[in-house]
There are 2 protein chains.
Amino acid sequence: MIELPKSPLLTDLYQLTMLQGYFEQGMNDIAVFEFFVRRLPPNRGFLLAAGLEQVLAFLEILHFSGAELEWVRDSGRFSRDFPESLAKLRFTGDVHAMPEGTVFFADEPILRVTAPLPQAQLVESRIINLLHFQTLIASKAARVVLAAPGKLLVDFGLRRAHGAEAALLAARASYLAGFQSTSNVLAGAEFNIPVAGTMAHSFIQAHDSETLAFEHFARAQPENVILLIDTYDTEAAAREVVHLAPRLEKMGIAIKAVRLDSGDLAEHSRNVRRILDNAGLKEIRIFSSGSLDEYAVQNLLARGAPIDGFGIGTHMATSSDAPFLDCAYKLEEYAGRPRRKRSEGKATWPGRKQVYRTYGAGGAMSGDVLTLDDDPTTGTALIVPVMRDGRRIRGPETLEDIRRRSTQELARLPAGLRARQDGPPYPVIVAKAVRELAAKLDRQSMQN
Amino acid sequence: MIELPKSPLLTDLYQLTMLQGYFEQGMNDIAVFEFFVRRLPPNRGFLLAAGLEQVLAFLEILHFSGAELEWVRDSGRFSRDFPESLAKLRFTGDVHAMPEGTVFFADEPILRVTAPLPQAQLVESRIINLLHFQTLIASKAARVVLAAPGKLLVDFGLRRAHGAEAALLAARASYLAGFQSTSNVLAGAEFNIPVAGTMAHSFIQAHDSETLAFEHFARAQPENVILLIDTYDTEAAAREVVHLAPRLEKMGIAIKAVRLDSGDLAEHSRNVRRILDNAGLKEIRIFSSGSLDEYAVQNLLARGAPIDGFGIGTHMATSSDAPFLDCAYKLEEYAGRPRRKRSEGKATWPGRKQVYRTYGAGGAMSGDVLTLDDDPTTGTALIVPVMRDGRRIRGPETLEDIRRRSTQELARLPAGLRARQDGPPYPVIVAKAVRELAAKLDRQSMQN
């Protein structure tokens, strides 16, 4: 029902100005670019790779339409021949990547593009845009998943996500990280994610009494009776639920849960649990929302709040405590020669790289080695081929398969990282082969 | 070349479950919802309204397509008659709003929807999604504009904006707040915003020498020669520019600017300025980028950095120091009766409201009054009718007109807010008429 924008004009102007330079100079040799995160943001001990599927879908159909070529022509910024070269451009390269749902760390590439320079260059902006955001959100969502073992987690992020695509992709990223469902109907329809939702305060307010609103809702949605009880007075509403339950039962309708959305959720959930239990309504679950994130959830559970599920919105969909990653897509090789950027604080490791991971007791991750692709190293190679000559090697992975991988990956985090998530730094060794190559390039450059 | 998603399924599931309840109960009376920000985030002394244009475009064509109705039918979540009711649904209501580019404060509605309850309810999620994000970014961009008077400001946010729509709308929001251009080509094409851009480090790295890269670029883009000089050694590159300039001049090509992207930008800009000036190249401008925001820009200018323009990316496009607003779209009246939510910490002011602004010496804003729409109050009414019976009252405002309004508004901020932006709180008085109505509703509710 919806297509993410595929326009090659969704790029930074400098990609086009550089492309014209490349075309004019006949610089069409093979370039190798890698996407990686330079440093983990504060409060993040690991990241979860996500967004590859959308990158591959974008590369597969990359081309300039007539209207797009016309814009280039009419912009007056480019040479007469440039639109013609663009018209022929397709993505014919190779892609290697860590599968979505893989845990990774700073400096480790999660995507490598090997393609003629103009192609690999043009796609930079959108590749970063897609990988950055979903990785950001999957990594935030994974923290919530670890903070709330066994709890129902629902994405509520649509309204404050940064636009429509962010809302759709945040639903996808949180689901693959282990959430159970989303409130976002279009994301459900698009990605086949279970959808969930009940009622807003406006439904209650539009009725002349709260009880009447509850009853009307129950009759309209008999299979899905989750009642929002904080519009006026949470405990008073819980007592209304106690009176309503037997009436609904006679109609064959069971109340599944109540939802709390404001106030001290630990306190209210304990009171509500007691009110419901005293009335023999032990099977009614308590669901909670309202500015929640992994810190709030952890705190509520530590305080023994009898809450069965959480709706997590704004803080997850914006990754509010770390709303961006310091990531880059950098040229590591051109025309068979490794390349290195040396800008202060932003130097890169040159060459085509691979990450090898080793596992210790109980299968927990014990350390990674970042090395050159052709440097034989022990451990499991995390970066695998996914696209050859512009075509996927396999069909798209299902979201369920990716979600299972995430679950396994989170289970294999070192205990420290699983428990605290920002715990002791995970050991990533930059291999001698990489350091020596970097030093060699620096020496060559000084001799020039 | 691109259409923002218009699907009515871009909504929270609960809107649909509530709609079924409303249809079943025949609750089709007029509802009044208002969008407002509950509290300003830290570091924000004011906000700049944005996003109305996209809201109106969404409302104008609101309808369910065949595929969307099919999803509703096949979901198994709704009654048999529900899709039929949805098929007939269009937006036939009225909209009142503060024009885009208006400065506003906490509690002040910037949008009021007056429509049959199901219509006004269904559009909640997307209305918040659209108004929240553009207002967030326009408000952040306005801070950069105030921090850098007279400087060239370019949006560089595409890659780390949260998805494609965020990138496009951040380009729009920053332009309307006073930026001069964007690097985002599609945003330029879509919204008719000037585009800007030069070269990336990869262009330099792909060449065997930096000077050769500069020369190739200059010949490919003779009208737009802005050279990135920090790939290896900033000052050394500036000296290369000095050698290159006369050679290019012979070809009739002038170097417009150099760009710094790393290291101590104040220090580098001073060194580069000196190197250029000593060579008589005073007309070459210095442009700078690299993790910049209003704080960094202010700091650079305070240190006397001779920088003429700034590319502002990640921090603006994610509003990184305040990545969301505590905003809401709340029912204030239904079937002619004012309504009030009393949830702890989230109580709302009931009724249809208006904001009156007064101005003091030199035309500076001196204070606002939030009152009921029918309460005669002195000052300029900020909320105006923009849509009647589902049709716009006037055609879309041009982005240039909105941008001019923003400029005027920022010029009329109280001096404290203009200088520091998070300075002394601006006085917003909640009128007696509103407080009395709230108290009356609370009393009525206790008697029930």
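Chain B can be laid on chain A by a turn of 180 degrees with a shift of 0.0 Å along the axis, and the RMSD is then 0.0 Å. The two copies are thus related as by a two-fold rotation axis. Keep in mind as you read that this is a predicted model.

**Where the two chains meet**

- The contact takes 86 residues from chain A and 86 residues from chain B.
- On the side of chain B that touches chain A, helix α1 (residues 13-25) of chain B gives the most, with nine residues.
- That side of chain B divides into 39 nonpolar, 33 polar and 14 charged residues.
- The copies meet through the same surface, because 100% of the interface residues of chain B are also interface residues in chain A.

**Chain A as a whole**

- If you look along chain A, you will find 17 helices and 19 strands.
- A box of roughly 85 × 55 × 35 Å, taken along the principal axes, holds the C-alpha atoms of chain A.
- Of the 448 residues in chain A, 56% are buried.
- Take the contacts in chain A between residues at least 6 apart in sequence: 73% of them join residues at least 24 apart.

**The seven-stranded sheet**

- Chain A has an open sheet of seven strands with antiparallel pairing, in the order β13-β12-β1-β5-β3-β17-β18.
- Its edge strands are β13 (337-338) and β18 (391-392) of chain A, each of which pairs on one side only.
- Within the sheet, strand β1 (residues 30-39) of chain A pairs with strand β12 (residues 326-334) of chain A in the antiparallel sense, over eight bridges.
- To see one place along these strands, look for Phe36(A), which stands opposite Ala328(A) in β12(A).
- Helix α6 (residues 124-147) of chain A packs on the sheet, where it touches β1, β5 (111-116) and β12 of chain A.
- The direction of α6(A) makes about 135 degrees with that of β12(A).

**A pair of helices**

- Helix α6(A) also packs with helix α13 (residues 294-302) of chain A, at an angle of about 5 degrees and with the axes 9 Å apart.
- Angles under 35 degrees count as roughly parallel, and α6(A) and α13(A) are therefore roughly parallel to each other.
- Here Arg143(A), Val144(A) and Ala147(A) in α6(A) meet Glu294(A), Val297(A) and Gln298(A) in α13(A).
- Sorted by class, this contact of α6(A) with α13(A) has three nonpolar, one polar and two charged residues.

Conventions:
Residues are numbered from 1 along each chain as its sequence is written. Chains are lettered from A and ligands numbered from 1 in the order in which they are written. This is a predicted model: local features need pLDDT of at least 70, side-chain atom pairs count only at pLDDT 80 or more; totals for chains, interfaces and linings use all residues. Helices (H or I, at least four residues) and strands (E, at least two) are DSSP runs, numbered from the N terminus. A residue is buried if 20 or more other C-beta atoms lie within 10 Å of its own, exposed if 12 or fewer, and partly exposed in between; C-beta atoms are placed from the backbone. Two residues are in contact if their C-beta atoms, placed from the backbone, lie within 7 Å. Ala, Val, Leu, Ile, Met, Phe, Trp, Tyr, Cys and Pro count as nonpolar, Asp, Glu, Lys and Arg as charged, and the others, Gly among them, as polar. Two strands pair if DSSP finds at least two bridges between them. Axes are lines fitted to C-alpha atoms, for helices over the stretch in contact, and angles run from 0 to 180 degrees between N-to-C directions. Copies are superposed by least squares on the C-alpha atoms of residues with pLDDT of at least 70 in both. Angles under 35 degrees count as roughly parallel, over 145 as roughly antiparallel, 65 to 115 as roughly perpendicular and the rest as oblique.
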